[in-house]
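I opened my notebook for a first walk through a new structure. Here it is, so that you can follow along.

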Amino acid sequence: MTRHHVSPGSPYEPILGISRAVRIGNTIAIAGTAPLGPEGKTVAPGDAAGQMRRCIEIARRALEQLDASLSDVIRTRTLLTHIEDWEAVGRVHGEVFKDIRPVNTVMQVTRFIDPDWLVGINGDAVVQAKSVEGIDQETFIQHGNGGEASHAFTSEAGACLPQFGDHLPAAGL
């Protein structure tokens, strides 16, 4: 299976040798996400809820670059420097994921790389195949990757799952 990386340009990615997200098959892992703005500075200093919104936005963009969405998220992990912020941060999580309802773990950490960061998140997603009426599982499907056709294969559950080509949209925040 092909491995796809999204690296929107966080200053920490090349230093640490990491990607924002990695997709292999229909599984996506989203790295620890800090509340950084496009210019690399902390967003919403002192505001845990505002930082949570920014972290979710960064994760959402990474998912979209891997042909997925927040609705594909199955697990989130919320890291807080002040556990007292759990409710404010949890409400933001609830606004976004109220109908998706992934499993979640909330935990306190001593600190992050930048002491202004109050929140960090990471997560996992599983992309479900889009059901297309009247197309059998051996049919080649058209995937939104520059017109390149990709072959469909069947999971144990019988769902038709797309196999990705090597072309994905350019990453960027």
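My entries below go from confidence to the sheet, the helices and the aromatic rings.

**Ground rules**

I am looking at a predicted model, where local features need pLDDT of at least 70, side-chain atom pairs count only at pLDDT 80 or more, and totals for chains, interfaces and linings use all residues. Residues are numbered from 1 along each chain as its sequence is written, and side-chain values use heavy atoms, with hydrogens and water left out.

**Confidence**

I checked pLDDT, the predictor's confidence in each residue, from 0 to 100. The protein averages 80, and 75% of the residues score at least 70. I marked residues 134–173, where pLDDT stays under 50. The model has 72 contacts there beyond four places in sequence, a contact being heavy atoms within 4.5 Å.

I took helices (H or I, at least four residues) and strands (E, at least two) as DSSP runs, numbered from the N terminus. Two strands pair if DSSP finds at least two bridges between them.

In what order do the strands of the open sheet lie? I read 1-2-3-6-4-5 for the 6 strands, with mixed pairing. Strand 1 (3–6) and strand 5 (103–108) are at the edges; each has a single partner strand, so one side of each lacks a neighbour in the sheet. On average, neighbouring strands are turned by 10° against each other, direction ignored. For such angles, axes are lines fitted to C-alpha atoms, for helices over the stretch in contact, and the values run from 0 to 180 degrees between N-to-C directions.

Next I followed single pairs. Strand 2 and strand 3 run antiparallel, joined by 4 bridges, and Arg23 has Ile28 in strand 3 as its bridge partner. These two strands make a hairpin with 2 residues between them, and Gly25 in the turn has a positive phi of about 60°. Strand 3 is also joined to strand 6 by 5 bridges, again antiparallel; here Ile30 stands opposite Gly123. Strand 4 (residues 73–80) pairs with strand 6 (residues 119–126) in the antiparallel sense over 7 bridges, and Leu79 faces Gly120 of strand 6.

**Helices on the sheet**

I then turned to the packing. Helix 3 (residues 86–97) touches strand 4, strand 5 and strand 6, and its direction makes about 160° with that of strand 4. Helix 2 (residues 48–65) lies across strand 1, strand 2 (21–24), strand 3 (27–33), strand 4 and strand 6, at about 30° to strand 6.

Is Glu13 buried or exposed? Glu13, in helix 1 (residues 12–16), is buried, at a relative accessible area of 5%. I use buried for under 20%, exposed for over 50% and partly exposed in between (1.4 Å probe, protein chains only). Beyond its neighbours within four places in sequence, Glu13 contacts Ser7, Pro8, Ile18 and Arg20.

Last, I searched the whole structure for aromatic pairs and found 2. Rings of Phe, Tyr and Trp (its six-membered ring) pair if their centres lie within 6.5 Å; planes under 30 degrees apart are stacked, over 60 edge-to-face and the rest tilted.

- Tyr12 and Trp117 have ring centres 5.6 Å apart and planes at 80°, so this pair is edge-to-face. Tyr12 is in helix 1 and Trp117 in the loop between strand 5 and strand 6, so the pair ties together parts 105 residues apart in sequence.
- Phe112 and Trp117 have ring centres 6.4 Å apart and planes at 55°, so this pair is tilted.

I noted Trp117 as buried at 6%, Phe112 as buried at 15%, and Tyr12 as partly exposed at 24%.
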